[in-house]
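Okay, everyone, thanks for coming. Let me put the structure up and then walk you through a few spots in it.

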Amino acid sequence: MSSPPVGGAEWTDTNETVRDLHRALITSEPSPEDGPGEATAGVGSSQSEPVLPTMEAPRIKEPGGFRRDFLRRRAEAEGEPVNVVWLGSLVEEMSTEGGMLNRLLSYSQFPYGYMFDDDGNRIRGAERQVKADATNSQIALAIFKAFVAEGIMFLPGAVRNAGSWMSVGVMLFVAWCSKEGIYLLLECHTVCPGTLGDIAQEAAGTPGRMAVEVSLVLSQFAICCAMLIFTLQASEAALMQEGMDSHTYRLRCVLLCLLVLVPLCWVRNLKKLAVSNLLANLFVVIGVGISVYYFVAQIAEAGVPDSVQPARPETLAIYLGTTCYIFEGIPLVLPIYESMANKQDFPRVFNWVFWVGVVMLETFYGLVGYLAFGDDINPVSILSIPMTSFTKTIMVVFSVAVVLSFPMMFVPATRIIESLVWTGNNADDASMLRMTHVPPEQVALRRKWGKNTMRMFLTALLCAVSLYGADMVSEFVALSGSICCVPLAFIYPAYFNLRMVAKTPAKKLGCVLLMTGGITLVPLTFYQVITNKSG
């Protein structure tokens, strides 16, 4: 048999099976003489036999398509049930509306359940619809992604402020308090389904809603600043030329980030940035793995430094603030819970992932990093490892991924601000300005560029704060955790549960203790940051 010509040239061979296979793979068009899905004649076959239904051609061309099609056909021939996994591809699973990629993106887009359309208008009440179809494995991955982010890189430097063994006990205690705060919030959600703002409105009226939204915006912006600080530190270690002043390099780097971030923060559809966000999380895991390898090697080679202390109560509050910041995934728990199909399984799935996958990992990482370098540990722990070509490349790629993920934290917070500044929507503005004879498209354009201008100034402000905070990383992260994250993690859930759910004296006492501890931690951390520089 002769070789086929390139492209769509005519076949000289009369083998219809090969002809149809070639047509299906190259053009995905059905044969004109065959009906949809109709079989073609096989080699040496006197009867029609299914070889390649044209409806399967696009799936055949996908990665792994031939293998999945073979397994499906064999199962059908043997009378066995067809595994649903064989009917789709990994790319399809990740990118479809209910796939993991878009599902993880939706959690980051809508912290605490707040939902917005692509124009930035808030979706409220009955219009706010959540699909509860996520499997247990999808929920487990989402919980892990929510709690393991760039903040873990600050942990070994923070352990220095608590001491080796005291840090372990404090980490477990803060993790338990965070878990209790999450469960208190979910109990309120069963009474008042909706966003955290809706729960606050039910429990404390409009002042409660405003307090929640201010805290949510501040916590998201604090995370944005920490991401930029990490980028400045990592890129400085990998790229700064010898002889260049550190402040000069950081200023240039901030200006470059600003040029990149301003147009990215104008993006309305965050799905365009989903891949970069997942890459940033992937590089977090890679960075943790590389760091642990070098930490263990350092301990094996040089032992534990003499500067390692078991306890340091004089700067303990700084470590407490940092651990509260580390559990930055709390805003995503509410939308994750709402999307779960089997909500009765949530406590079991959450406890396994939270305690085994998150708390144990973060406790071990912080402890082993401090035991490896003692007081010489860099506040951004990955910068303590030897600078080789490989590690420098990892840091540069990591920094780029973090910068591209910046809008995932920035845009949800700005949308809350925009919903307060621009209370109506484009249609409302058009009706109000109809008497001025302004065309509706100009009204929408003015609204859009008003939001763009505000986002530009907010981005510049966060870059300026990051440039200042880069000289005091540990203190900045601790203050961010105590001032911005503690209210959302401890104070608000306890207060709302006390007002809406708690009935027994024991439950009320627990809410009061959690709320009191959170209120006390804020000024204590601020005091220790001011009076005790951790270096």
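So, let's start at methionine 456, which is partly exposed, with a relative accessible area of 31%. Keep in mind that this is a predicted model. Where does methionine 456 sit? You'll find methionine 456 in helix 17, the one running over residues 440-469. If we skip residues up to four places away in sequence, methionine 456 touches Val262 and Trp266.

Now compare serine 164. Is serine 164 buried or exposed? With a relative accessible area of 4%, serine 164 is under the 20% cut-off, so it counts as buried. Serine 164 belongs to helix 8, residues 164-191. Again leaving out residues up to four places away, serine 164 touches Val159, Val308, Gln309, Pro310, Leu367, Tyr370 and Leu371.

Next, a helix pair. Helix 18 covers residues 473-500 and helix 19 covers residues 505-531; their axes come within 9 Å and cross at roughly 165 degrees. That angle is over 145 degrees, so helix 18 is roughly antiparallel to helix 19. As for handedness, helix 18 passes helix 19 in a left-handed crossing.

Last stop, the cysteines. How many disulfides does the structure hold? The count is 0. Take cysteine 192: the nearest cysteine sulfur belongs to cysteine 188 and is 8.8 Å away, and cysteine 192 is in no disulfide. Cysteine 192 is buried, at a relative accessible area of 12%. Then there's cysteine 485, also in no disulfide, where the nearest cysteine sulfur is that of cysteine 484, 6.1 Å away. Cysteine 485 counts as buried too, because its relative accessibility is 9%.

That's my tour. Happy to go back to any of these spots on the screen.

How values were computed:
Residues are numbered from 1 along each chain as its sequence is written. This is a predicted model: local features need pLDDT of at least 70, side-chain atom pairs count only at pLDDT 80 or more; totals for chains, interfaces and linings use all residues. Side-chain values use heavy atoms; hydrogens and water are left out. A disulfide is a pair of cysteine sulfur atoms within 2.5 Å. Buried means under 20% relative accessible area, exposed over 50%, partly exposed in between (1.4 Å probe, protein chains only). Helices (H or I, at least four residues) and strands (E, at least two) are DSSP runs, numbered from the N terminus. Contact means heavy atoms within 4.5 Å. Axes are lines fitted to C-alpha atoms, for helices over the stretch in contact, and angles run from 0 to 180 degrees between N-to-C directions. Angles under 35 degrees count as roughly parallel, over 145 as roughly antiparallel, 65 to 115 as roughly perpendicular and the rest as oblique. A crossing is left-handed if the near helix is turned anticlockwise from the far one by less than a right angle, and right-handed if clockwise.
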